[in-house]
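These are my notebook entries, written while I looked through a structure that was new to me. I kept to what could be looked up and wrote it down topic by topic.

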Amino acid sequence: ALTASTHEFTFSMAPKSLPSWINMGFEQKFIIERAYQLNKTRYGGGLVMRRVARWTGKLKPTMEGYMSILGYNNHGVIRNKSLALSIEPVDFMTLSGKVKYQSRMPTFMEMYAKNRFFIGNPGLDDEGLWDLELATDFRIGDHTRIHLNGFMGFISDMIVYVPFAGTQLRPINTGVARRYGVDLGFSSEPWSFLMVESKNSILSSKIKDTNAPLPQTPSFLGLTRIRFGIEDFLSLTLQSRYRGPATANIYGTLRTNPYALFDAILAARLFQRLGLSLSISNIFNVKSARDTYEMPLPGTIFFGQIEVGNV
């Protein structure tokens, strides 16, 4: 087994003499990552900057910026940055756009872990991703929200976990790839005793070298739930988790089948500081469902919980 830890020290500062419509903050970070059994240590640090500007006027534009530059000894520099702009053309709708770049180094666990379920890959390269997002939020009355988000991403060397030697998982780099899709969310609580919520995603992706989809990225997945009763008193929540087919390797030859699972949660708050709940996961005991790593999902599970607040 491999035991690793990350320790982060942050010093924050914010200018006090800025105009009221802009906020800016700076952070100086120092990071120590340690893999104990391997006697390996990674030291890093750098600067993080955040900026938010809000203007008045008919469209109420807001701009948010983020940038971080973190350097690590003998491991190079990691850069992350994003820029987002949102407006409100009408009172019930918000439009927003965002461009971001994300990168990260492989962890010690991904490079060096070794057990019967997982084996590391010391040859991993850094992960990088450019994303472009366009989103809109609709507000219908006081209790209904609709969220629609379209995105397109360009990937260089994403780290994914694929089956290895039959019973293990191993991280590898995908090489150049692209992805695009849509996220759709809906929530409505017309009365205190009824709530409906649904979050769904449609995704298409392709790896340049193999012409196959990205592993662990199903073409469709989501969760829909309905709550009957008052949340702070007595309620019954029914929900469904569902997912379309996905691939488990970078060649598209190993596929996981779609599934739909149903759960129920009965919750009660008897007193101000005492709450009870009973949940049943996978009510119909579907045994053929697999996660995106081709590992079997559990059958029916009963779980009870007693929550006691501060006395």
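I took strands as DSSP runs of E with at least two residues, and helices as runs of H or I with at least four residues, numbered from the N terminus. I noted that the model is predicted, that local features need pLDDT of at least 70 and side-chain atom pairs pLDDT 80 or more, while totals for chains, interfaces and linings use all residues. Residues are numbered from 1 along each chain as its sequence is written, and side-chain values use heavy atoms, with hydrogens and water left out.

**Entry: the nonpolar patch.** I looked up a nonpolar surface patch of about 1200 Å², whose members include Trp191, Phe193, Phe228, Leu236 and Phe302. A patch is built from residues with over 30% relative accessible area and no salt bridge, with nonpolar side chains (Val, Leu, Ile, Met, Phe, Trp, Tyr) joined within 5 Å and like charges within 9 Å; the areas come from the Shrake-Rupley method with a 1.4 Å probe, and for residues only the protein chains shown count as cover. I found that β13 (220-230) and β14 (234-243) each supply at least two residues of this patch. Leu236 sits in strand β14, and I recorded it as partly exposed because its relative accessibility is 34%, where buried means under 20%, exposed over 50%, and partly exposed in between.

Entry: Asn23 stands opposite Val52 in β3. β3 also pairs with strand β4 (residues 62-72), again antiparallel, over 11 bridges, and there Arg51 has Gly65 as its bridge partner.

**Entry: two asparagines with positive phi.** Which sense does the phi of Asn39 take, positive or negative? I found it positive, near 55°, in a residue other than glycine, and Asn39 lies in the loop between β2 (22-35) and β3 (40-54). Asn39 is exposed, with a relative accessible area of 57%. Asn211, in the loop between β12 (194-207) and β13, has a positive phi near 60°, and at 54% relative accessibility Asn211 counts as exposed.

**Entry: the cores.** I listed the largest nonpolar core at 10 residues, among them Leu129, Met158, Ala177, Ile207 and Leu214; such a core is a set of buried Ala, Val, Leu, Ile, Met, Phe, Trp, Tyr and Cys residues joined through side-chain atoms within 4.5 Å. A second, separate core of seven residues includes Leu2, Met111, Phe118 and Leu169. With neighbours within four places in sequence left aside, Leu214 is in contact (heavy atoms within 4.5 Å) with residues including Ile155, Thr174 and Thr247.

**Entry: salt bridges.** I took a salt bridge as a side-chain nitrogen of Lys or Arg within 4 Å of a carboxyl oxygen of Asp or Glu, and the count came to 14. Glu33 and Arg42 form one, with their closest N and O atoms 2.6 Å apart, and both residues are buried. Lys100 and Glu133 form another at 3.4 Å; Lys100 lies in strand β6 (residues 93-104) and Glu133 in strand β7 (residues 127-140), so the pair ties together parts that are 33 residues apart in sequence. Lys100 and Glu133 are both buried. Lastly, I noted that Glu8, Glu27, Lys29 and Arg50 are linked in a network of salt bridges.

Definitions and conventions:
Buried means under 20% relative accessible area, exposed over 50%, partly exposed in between (1.4 Å probe, protein chains only). Two strands pair if DSSP finds at least two bridges between them.
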